[in-house]
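Here is a short briefing for a first look at this model.

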Amino acid sequence: MKKILNITFALCLIALMPSISNAQLKMPQLSPKAYVSQTVGLTEISIDYHAPSVRGRATIWGDVVPFDSVWRTGANEATVISFSDDVTIEGKKLAAGKYALFTIPSKNGDWTIIFNKKKDLWGAFGYDKADDILRVKVKQAPHDMTETMMFAFGDVTINSANITLRWEKIKFSFNVKTETDQMVMKMIKDSIAANPNKASVYRQAAGYTVTSGLHLSDGLTWINKAISIKEEDRSYWTKAQLLAKLGKYSDAVTAGNKALDLAKDDKDFAEAIPFIKKNIDEYKAKAK
């Protein structure tokens with residue numbers, strides 16, 4: 001009986017061996033997948049890459065990553081950068097889309113940043129200069145030791161951002177400008193045309209000029225139109241901020257006080273009152 005059981009067990013084990021041998025074990029990668037994204041104004045920018053590490057290697061630049069040759073700007077598959085809208089890279093236009101991001105490192109000179117349309121490559125194998133959509137030159141700079149390569153966004157405004165790569169003791173950055181202002185101004189124009197008598201549309205349009213610091217005269221026209229349609233605390237507070245940005249602090253105090261007066265009956269605006277009072281005091285000081 002025992003012999004029969006042993007034979008049965010052996011046969012079952014043999015039957016299982018193909019499934020065991022075909023099992024895929026998930027192992028950690030030396031250069032793990034990484035992803036970073038940033039909204040710049042209305043534009044979504046993302047970078048999908050694999051991040052190599054120094055791992056005790058004595059020389060990265062000029063050895064692991066050769067100088068004057070196209071580099072995948074990461075590890076494994078080609079690094080891919082995407083833009084949801086048209087942008088300007090270091091002063092040069094680039095259409096919305098996804099691109100392989102290659103670089104040509106230089107020992108002493110500028111680095112070349114390449115945006116290439118063939119994004120489904122393994123590293124730079126299969127790279128063809130004929131598929132380049134854009135090339136720009138940037139300066140490299142020394143940096144504190146960074147063990148694992150990383151991309152980061154910095155100096156982000158509604159209209160621009162800098163994208164920086166850091167690895168080992170070198171970094172480089174390139175500037176991306178978006179068309180946020182053009183897109184917003186078109187939306188404002190279309191919204192006003194569709195809603196010529198809606199106070200909130202004019203107030204929101206004026207609010208954009210406050211936050212961006214652009215088109216302040218237009219903003220004042222729009223907020224006056226909003227107030228002419230309907231007097232609201234929010235509209236007067238927007239007007240106060242606009243007047244202050246235009247350097248008209250006495251008028252800003254008057255508009256701010258009107259906002260406070262109307263806010264007495266507006267429970268939804270109560271939390272803003274301390275902030276408004278603080279700013280009115282600042283406007284008074286500057287008006288002297």
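Glutamine 140 stands opposite phenylalanine 172 in β10. The model is predicted: local features need pLDDT of at least 70, side-chain atom pairs count only at pLDDT 80 or more, and totals for chains, interfaces and linings use all residues. Residues are numbered from 1 along each chain as its sequence is written, and side-chain values use heavy atoms, with hydrogens and water left out.

**The open sheet**

- Four strands make an open sheet, in the order β5-β4-β10-β9, with antiparallel pairing. Strands are DSSP runs of E with at least two residues, helices are runs of H or I with at least four, and both are numbered from the N terminus. Two strands pair if DSSP finds at least two bridges between them.
- β5 (92-94) and β9 (140-154) stand at the edges. Each has a single partner strand, so one side of each is left without a neighbour in the sheet.
- On average, neighbouring strands of this sheet are turned by 40° against each other, direction ignored. The axes behind this angle are lines fitted to C-alpha atoms, for helices over the stretch in contact, and angles run from 0 to 180 degrees between N-to-C directions.
- Strand β4 (residues 87-89) is joined to β5 by three bridges, and the two run antiparallel. Valine 87 faces leucine 94 of β5 as its opposite residue.
- β9 and β10 are antiparallel and share nine bridges. Their hairpin has five residues between the strands, and aspartate 155 there takes a positive phi near 50°.

**A second hairpin**

- Strand β1 (residues 33-40) and strand β2 (residues 43-50) run antiparallel, joined by eight bridges.
- Valine 40 has threonine 43 in β2 as its bridge partner.
- Two residues lie between β1 and β2 in this hairpin. Glycine 41, in the turn, has a positive phi of about 70°.

**Phenylalanine 174**

- Phenylalanine 174 lies in strand β10 (residues 160-178).
- Is phenylalanine 174 buried or exposed? Phenylalanine 174 is buried, at a relative accessible area of 1%. Buried means under 20% relative accessible area, exposed over 50%, and partly exposed in between (1.4 Å probe, protein chains only).
- Leaving out residues up to four places away in sequence, phenylalanine 174 touches several residues, among them Ile81, Ile89, Phe115 and Val138. Contact means heavy atoms within 4.5 Å.

**Helix α4**

- Helix α4 (residues 216-229) has 14 residues and reaches 20 Å from its first C-alpha to its last, close to the expected 20 Å. The expected span is 1.5 Å times one less than the number of residues.
- Buried residues of α4 include Leu216, Leu220, Trp222 and Ile227.
- Seen down the axis of α4, the buried residues fall within an arc of 165°, so they line one face of the helix. The arc is that of the directions from the helix axis to the C-beta atoms.
- Ser217, Thr221 and Ser228 are exposed on the other side of α4.
- The buried residues of α4 pack against α2 (180-194), α3 (199-212) and α5.

**Helices α6 and α7**

- Helix α6 (residues 249-263) has 15 residues and reaches 21 Å from first C-alpha to last, close to the 21 Å expected.
- Among the buried residues of α6 are Val253, Gly256 and Leu260. The buried residues of α6 pack against α5 (233-245) and α7.
- Asparagine 279 sits in helix α7 (residues 273-287). Asparagine 279 is buried, with a relative accessible area of 12%.
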